[in-house]
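Hi,

Here is the structure I promised to pass on. Have a look at it first, and then read my notes below.

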Amino acid sequence: MILAWITFIPFAGGLAAWAAARRGARPARWISVAALAADLALLLWLGAAGRESGAETYAVVRLPWIPSLGVGFELAMDGLSFLLVLLTVFLGLAAVLASWTGIERETGFFHFNLLAALTGIIGVFVAADLFLFYFFWELMLVPMYFLIALWGHERRRYAAVKFFLFTQLGGLAMLAAILALFFLHGRMTGDYTFQLRQLVGTPLSPGEARLILAGFLAAFLVKLPAVPFHTWLPDAHTEAPTAGSVILAGLLLKTGAYGILRFAVPLCPEAAAEFAPAAMVIAVIGILYGAVLAFAQRDIKRLVAYTSVSHMGFVLLGIFAWNEIALQGALIQVLCHGVSTGALFILCGALQERTGTRDLERMGGLWNSAPRMGGMWLFFALAALGLPGMGNFVGEFLVLLGAWRASVPLTVLAALGLVVSTVYAVWMVQKTFFGLNASNWRIPDLGVRETTSLCALMAVILWIGLYPGPFLNTARDSLANLREAAHAVLEAQSAPAAGGDHDRP
Amino acid sequence: MDYAFYIAAAAALAATLRAITASHAVHALLYFIVSLLAVAVIFLLLGAHFAAALEVIVYAGAIMVLFIFVVMMLNPGPRSVQRERHWLRPRIWAGPAVLAAVLAAELVYFAATGAGRSAGAGQVEPAEVGLALFGPYLLGVEMASVVLLAGLVGAYHLGWHLGRRPGGRETGEGEA
Amino acid sequence: MSGIPLQSGLVVAGLLFGLGAAGVLFRRDLLFILLSLEIMTNAAGLAFVTAGALWGRPDGQVLFIFILAVAAAEVAVGLALVLWLYRRTGTLDVDRANRLRG
Amino acid sequence: MLNGLWLIPALPFAAFVLLAAAGKRMPHPAVAAIGTAGTGLSAVLALLVGFDYALRPPAGNAFVQTLWTWMAAGGFTPEISLCLDALSAVMIATVTVVGFFILLYSTEHMAGEEGYSRFFAYMNLFVGSMLTLVLADNLLLLYLGWEGVGLCSYLLIGFWYRDVANVRAANKAFIVTRVGDTALALGLIVLFAHFDTLSIRDILARSPDRWLQGSGPAAWAALLLLGGAVGKSAQLPLQVWLPDAMAGPSPVSALIHAATMVAAGVYLVARMHGIFTLAPEVQALVAVLGAVTLLLAAASALAQSDIKRVLAWSTISQIGYMFLALGVGAWSAAVFHFATHAFFKALLFLGAGVVIAALGDEHDLHRMGGLRRELPLTFWSFLAGAASLAALPLVTAGFYSKDLILYQAFASPQGSPWLWAAGLAGAFLTGLYTFRMVFLVFFGKAGLPVIRKPGVAVSISLVVFSFFALTVGFLQMPALIAPVTVFSDFLSRTLPVLPVVAVSPATEILLLLDALIAPLIGASAAWWLTLRRPGFTARIERSRAGSALHRFWLAGWGFDALYETLVVRPFVRMARLNRDDVLDLFYGGLAWCASRLSYRLCRTQSGSVRRYALGVLAGAVIALGLVAWFKEFP
């Protein structure tokens, strides 16, 4: 039951914050913080207990929901889900703290939306029933739309609608795939169910598998985003309020990666193996294309947004290389990108709040008046370029190491991304904090609240960078299970056709 | 019998035709009432006595009266007095009266000869209707009640705003 | 009911319906349109009752009663709207009440 | 004693953390104390550990201290572990001692700077990273240090961040070295793919069994490692960043861009010598790159007028010597030259820093002059450094290390007379540009007035460095002069000894004489050209060919312009052109089509009720018609 608590505490907190907002903004904020802190405590307790028990899954909830349709309220948390939920709650807390001063209109409704989106994201990470998964998938979408459309910047309507259309279309394709799988499985076994553990291993003909995979990938690649489908992201990230950007970049994109890992590949491993080379090409294009575009931007939030495209390319590359090193790398990259990009967006928000602009050409020389902010900015820019000692490096290096086994030329090209990421990272430091202070900015430095939350993010990045052991160990079993599940299906289905490449699905 | 049906049908069609071509609203309403009466006669001939009664009472009696109220409300003021007078001319009511007379004659004929009281397969008694209505169609009855309630609320709501509108006149029509 | 041709009952209903439809299409006064709609519902009622008589079952009349209820509600709201429109625009010409034009 | 090894990099890191967290609020003396203490204690410890290691060598001549397992994923288990052997002992001793005295110098030199604590924080971060680099037991940890020093280099070049030119130089340095670093990262991946480990000792132990001499993977691995090395050590073709890196403060140039970081490439190649031995083509490439670089850079140094740029080009040139040595397999000679170079080049930069500060931030050689009397201590120490750089015979450290390289370039199995000749020509040019600089700065008629004289801390540092610049060479001397081979003996614990081809005694004497004479000729030529016949030089510079050549060399053989046109500008233009993301046009187009369609459909929304009614009726008729139609044709 604890899983249901973890999932819905933020939602309840959001409702309470909304109700409390009529007494002013402060109670709403404190209630949100309290709800997330309680959630975090619960989660850590669960993690500790789960580690002790040594069981594969930390916690499971199985309740009937719509039995006539084979829909169950089924949540399960293994190491992978645990890490991602941890990231969600942690970043959620940072997002609430980051919007402490920036949001003045409709504070209660804002916090309700924020926490409702978090609930949707947590739900996505723990759902073990495809119908429930789809439910949460859509649940996180709507509050996110409101966050952008109501509290965003100048072009918020455009961005919100674009975001909604892209993700919604992908989601519908996924719904079609889920239903197709449901009926195919039901027809074959007579057991009409949406339970993931039943559906894994459904024997599919190659054509069916390809279509179903396409449906899933339509949702996940848009969300990730992979390159031809990424154009919603810069707009949405740029126009969203700070907390919205943090959640978008830090968490929402991760649901795409998680979906591929948990659903797309295990459900149709054969088709996924077929698709893997193409996916890796897309990933490498994303890495380079995103990085080059990031460099070209003038809007600081847009710049950071495009770096996400580049970094999520590494994640995609790692997932489709599908060996242990690469998968671990992809997971670490997911976590670290969430934290570091979240922090960058918090800093962008702070900069915009202080200077009133996001235009890089109008900034410059800010170090003098805000050295602490500059140090933070520098730190997270370095994290973005993958400096060793920071978590992003661990992720990127493991991905490259794993991808080398899958494809040498693509790995070399992906490594070029490291150079281009340096270019945009130093560019974004130069344009903001270094150089001449032409506009005579005198901005206040970071306050205690901001410093504390950023220091926490910084500590996480360094922790993962220098001692990622706990994270890798937590995820190891679940990643191994995913690999085994896919592998077993492959063995069963095409024993004679299996090639010599053991590591690939 | 056939003739009775055809006469009633012809009357209904003629009255309806006049109703939709009439240039004046009251004119059209009168013809339409006649059309309804003609249909009621047809119902009678078909053996649906209950429906015939409802047709006259609810349709011709209640709904059409509502129409006439509205027509009268549309042009209030001194001009309406003159209009009232205008409506009382025979040109207005002669046509409907003739058709109504034909129908009346038919009814009198039936009453006299008893030809209308046809027994047989076509006859459906009100009791049967009632049983069906509150048996298999109970849900429909409930839904109809909801529709009527919605109509009531809607009309009331519109009337409320009509009354509140600045410059608008206080008009309280509690229809339905 | 030896004599009454039930097919002709349906024909009459159809003709009445057609007249009502023509009224809806050709009249510009909203009041007349409403009236024509009533003609159409009435025609539908006639068709139901005729069909009910054909089979000798009460269902036709039951549905007629429903139609009656719907017509009553429709007229109530419709006439309220007519008044509204008249108060707002001073006319009942539907061709001039086209603010919903896209 | 050896168990305190981890403290050596940890102490500077601790100083960095302390200064970064609270340095802004500390008084300057406290900052200076913490800043120097971090590296100073580390230096003391490094010396103690070094002597301990030298006197009581541990088993296998290597002491390994594993701190924790960095990460563990699918057979990839690099550790955070340090390894002390002869090579790293030399490196840590040099780095910490040089680092400490440069920091001591900085306490005075940087006084009054706005970012005083920031400077000391970065410097300590650098020292810590550099020590991590040289002590790393596996390549991934080495890579961490490698990137760490690159980062510090970036931060310190851009130390005066207000001037955009400095920031640009910093960016350039970071990006160019990052190109090399990426090659290095790929090299690591190749090595892991073949050895399933990144432990340096394991790779070196297994490589002869795993790879044949001259096999493809070995060549690729060596080439990629070399890519990293040329990036960091500013060798061809990635040398372009170093001259611009002189935008940083002088102590930074001394520590990072002369003494330690730029030699990291040399260290890497020496450390991975086994791989290079297995790839003879690549090793030959190392030698050729070194030889070409040393000539190119020496020629460029001749044409510079900015004192620090002269020194920067000379650094590139001297590292070219080290690469030449590595290329011919003279591992210990390269490391020896690294050590001597660290001292004399740091000395020269510190001296240059004094001169620049004395003249009020003046860099131009031609506006200096006659400083011999105004700054005597600086003059003598600068002269010591310059003599060592020019390798004036017998009394300077540079002579012994350079002579060793020249000798082995000739006598090694991989060596050749051509490489030797290039080195010798380089020695002549070195003498020429070094003394051109000395004469222009300290002799001749007085230029700008002196406004600031060196204080105690600066003087101490200069004296200490002068001492080392003159005496370190006595650790290793040619057999003909005195049979002292302390240095190579010590290093032979870790690095293989070069099997020298026997050379006849006459040739040997000839080689020594050449090495003796070439710098002297260069120095005298410098004297003749700058002091005796300045008009002649000016005339050459004014002639058409002369001025073209001068501009060409001033611009570093046009590499900057080449990269600018080939890489930078196309990249920037392409990026800018695509700022609004060409792929978005597709979606924008879709949206446009949809809105046009919607506009069209809006037209049907006329607002006329009767038209709608007609539509409904028509629809009903069509639907009924269809029903009738299909009923007829079942």
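Why is strand S2 (residues 71-78) of chain A largely enclosed by the rest of the structure? Before I get to that, please keep in mind that this is a predicted model.

The strand in chain A

Here is the reasoning: a residue is called buried if 20 or more other C-beta atoms lie within 10 Å of its own. Six of the eight residues of S2(A) are buried, so the strand is largely enclosed by the rest of the structure.

S2(A) also has a partner. Strand S1 (residues 57-66) of chain A runs antiparallel to S2(A), and eight bridges join the two. If you want a spot to look at, go to A:Leu63, whose bridge partner in S2(A) is A:Phe73.

Among the contacts in chain B with a separation of 6 or more, 61% come from residues 24 or more positions apart.

Three pairs of chains touch, and the pair with the most contacts is B and C. Chain B puts 59 residues into that contact and chain C puts in 48 residues. On the chain B side, the elements that give two or more residues are helices H1 (2-21), H2 (25-46), H3 (49-74), H6 (126-133) and H7 (138-164) of chain B. That side of chain B divides into 45 nonpolar, ten polar and four charged residues.

Pairs that stay apart

Chains A and C do not touch, and their nearest C-alpha atoms are 21 Å apart. Chains B and D have no contact either, with their closest C-alpha atoms 15 Å apart.

A helix in chain D

One more thing to look at is helix H18 (residues 397-411) of chain D. This helix has 15 residues and reaches 21 Å from its first C-alpha to its last, close to the 21 Å expected at 1.5 Å a residue. H18(D) is mostly covered, with 15 of its 15 residues buried.

Cheers

How values were computed: Residues numbered from 1 in each chain as written. Chains lettered and ligands numbered in written order. Predicted model: local features only at pLDDT ≥ 70, side-chain atom pairs only at ≥ 80, totals over all residues. Helix = DSSP H or I, 4+ residues; strand = E, 2+ residues; numbered from the N terminus. Expected span 1.5 Å × (residues − 1). Buried ≥ 20, exposed ≤ 12 C-beta atoms within 10 Å, placed from the backbone. Pairing = 2+ DSSP bridges. Contact = placed C-beta atoms within 7 Å. Nonpolar A, V, L, I, M, F, W, Y, C, P; charged D, E, K, R; others polar.
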